[in-house]
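Subject: Handing over the structure, with notes on what was found

Dear colleague,

I am passing this structure on to you, and I would be glad if you read the notes below with the sequence and the 3D view open beside them.

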Amino acid sequence: MSYATREDIERKLKSGWEPEYFNAPNPVVEKELIQTPYKEKLNPNIKIVVAGGGGFIGGAMVRYLKDRGFKNIVAADIKPVYEWYQTTEGVANLCLDLRDHKNAMALVQGAVEVYNFAADMGGMGFIETHRVDCLINSSKINDNMVEASWKAGASRYFFSSSACAYNTTLQQKHDVPGLKERDAYPADAERGYGWEKLIAEQKCQEMFIEKGMETHIARFHNVYGPHGTWDGGREKAPAALARKVIAVQEGDEDFVLIWGDGKQRRSFMYIDDCTEGVFRLMHNLNTTATPLNIGSEEMISVNELVDIIEDIIGIKVERKYDTSKPKGVVGRNSDNTIVRKFLDWEPRISFAEGMKPTCEWIKEQYRNRKAGKRTVS
Ligand code: NAD
């Protein structure tokens, strides 16, 4: 086989390789240890690095880890801290360009766990028009982060891959079956962004097979929620459409412009399910170096997505369609068979439920911006 497979990983897991046990500088008594969803208990003082901590998922992960009781979290992002989507009290926030190897090395010194969410990315409007940025910038970040983490002796490394790594020829119909992990190969990923993710996955897989660093890889399917990009060109469909419906309600627009014919279908995962899935994946030894779907199986069309937003906001809008705009693949869904088996878990927040706090937050942002106040997008 010309790429790393589950058989290669299982061979390594059974080869006498042992996971590293954590050594935090301050040993604690048993009752202070943090229980993972599995057998392991963690010292709350271990250094945890979150790269891309100023972004949507990274910012939410920092909050999740802090809420779980971890005390030594370091977050880093290329954006100045005042532009971060959210910051969490008691966390060290650093402004660093992780395309620079020296910055990555300095960041991960002494880290036990490294979560890498940093990437140059956005919704379809961004990734179809910034292929070079997606390929080159994110590849530099991923090379640096995985190599520096290994050199620094980190025990676990998490990489955020994407459903865009899947073979696009399997996503040409509205009613496609959910994508199974094996459907990434033979490879025909999304141009630019998707190929970069697929190659970065392989770096994480070989890093385990050849060098023995425990890596964990999630293929996220469209994540949404408060504290994310909602305007400016990098936003994804749920936030973009919520903003457009709100603009009509606020009397600033007459109609909602939908990219494509509105029939394209996707699944969307609420941010709280995402952070829970990442934490589980990271602490499950059986998922080492194995790319796993972290996504919802609830598939809806863009038109249905607008119906739900209309219900939440309480307005019916006129819809216009622009089929010349980037719209991505025709249909994409997650198949969670393997995730259920390995993690004993799957996302549980419905789109209608998760969009309520999301719309509320975007409306607040929208009104703040109109009033001349500072916002995140
Ligand atoms: P985001 O854009 O909100 O966060 C990424 C962060 O990385 C940003 O804050 C950005 O400033 C930072 N960054 C970019 N270049 C950097 C550099 N050179 N050095 C340091 N930081 C840098 O995106 P997100 O939605 O939070 O996504 C996080 C990860 O999950 C990404 O790898 C993304 O590809 C992946 N992913 C997200 C989704 C989704 O729906 N949000 C879906 C699939 C995969």
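Predicted model: local features only at pLDDT ≥ 70, side-chain atom pairs only at ≥ 80, totals over all residues.

Residues are numbered from 1 along each chain as its sequence is written.

Let me begin with the core. A nonpolar core here means a set of buried Ala, Val, Leu, Ile, Met, Phe, Trp, Tyr and Cys residues joined through C-beta atoms within 7 Å. A residue is called buried if 20 or more other C-beta atoms lie within 10 Å of its own, exposed if 12 or fewer, and partly exposed in between, with the C-beta atoms placed from the backbone. The largest nonpolar core has 100 residues, and Val49 and Val50 are the ones with the most contacts inside it. Two residues are in contact if their C-beta atoms, placed from the backbone, lie within 7 Å. Once residues up to four places away in sequence are left out, Val49 touches Val74, Leu107, Val108, Ala111, Val114 and Tyr115. As background, in soluble globular proteins nonpolar side chains tend to be buried together.

Next come the helices, for which a few conventions are needed. Helices (H or I, at least four residues) and strands (E, at least two) are DSSP runs, numbered from the N terminus. Axes are lines fitted to C-alpha atoms, for helices over the stretch in contact, and angles run from 0 to 180 degrees between N-to-C directions. Angles under 35 degrees count as roughly parallel, over 145 as roughly antiparallel, 65 to 115 as roughly perpendicular, and the rest as oblique. A crossing is right-handed if the near helix is turned clockwise from the far one by less than a right angle, and left-handed if anticlockwise. Finally, Ala, Val, Leu, Ile, Met, Phe, Trp, Tyr, Cys and Pro count as nonpolar, Asp, Glu, Lys and Arg as charged, and the others, Gly among them, as polar.

Helix α7 (residues 237-249) packs against helix α11 (residues 351-370) at an angle of about 55°, with their axes 10 Å apart, and α7 and α11 are therefore oblique to each other. On the α7 side the contact is made by Pro238, Ala239, Ala242, Arg243 and Ile246, and on the α11 side by Met355, Thr358, Cys359, Ile362, Lys363 and Tyr366. By class, this contact of α7 with α11 has 8 nonpolar, 1 polar and 2 charged residues.

Helix α7 also packs with helix α9 (residues 302-313), at an angle of about 45° and with their axes 10 Å apart, so α7 and α9 are oblique to each other. Here α7 passes α9 in a right-handed crossing. Among the residues that meet are Leu241 and Val245 in α7 and Leu305 and Ile309 in α9. The contact of α7 with α9 has 11 nonpolar, 1 polar and 1 charged residues by class.

Helix α5 (residues 131-151) and α6 pack at an angle of about 15°, with their axes 9 Å apart, and α5 and α6 are therefore roughly parallel to each other. The residues of the contact of α5 with α6 divide into 8 nonpolar, 3 polar and 3 charged.

Some single residues also deserve a look. A cis peptide bond, with omega of about 0°, joins Tyr185 and Pro186, and Pro186 is found in the loop between β7 (156-162) and α6 (193-211). His227, in the loop between β9 (223-224) and α7, has a phi near 65°, a positive value in a residue other than glycine. His227 is partly exposed, with 19 other C-beta atoms within 10 Å. Asp344, in the loop between α10 (337-343) and α11, has a positive phi of about 55° although it is not a glycine, and Asp344 is exposed, with 11 other C-beta atoms within 10 Å.

Lys66 is found in helix α2 (residues 56-68) and counts as partly exposed, with 16 C-beta neighbours inside 10 Å. The C-alpha atoms of Lys66 and Thr88 are separated by 7.8 Å, although these residues are 22 residues apart along the chain.

With best wishes
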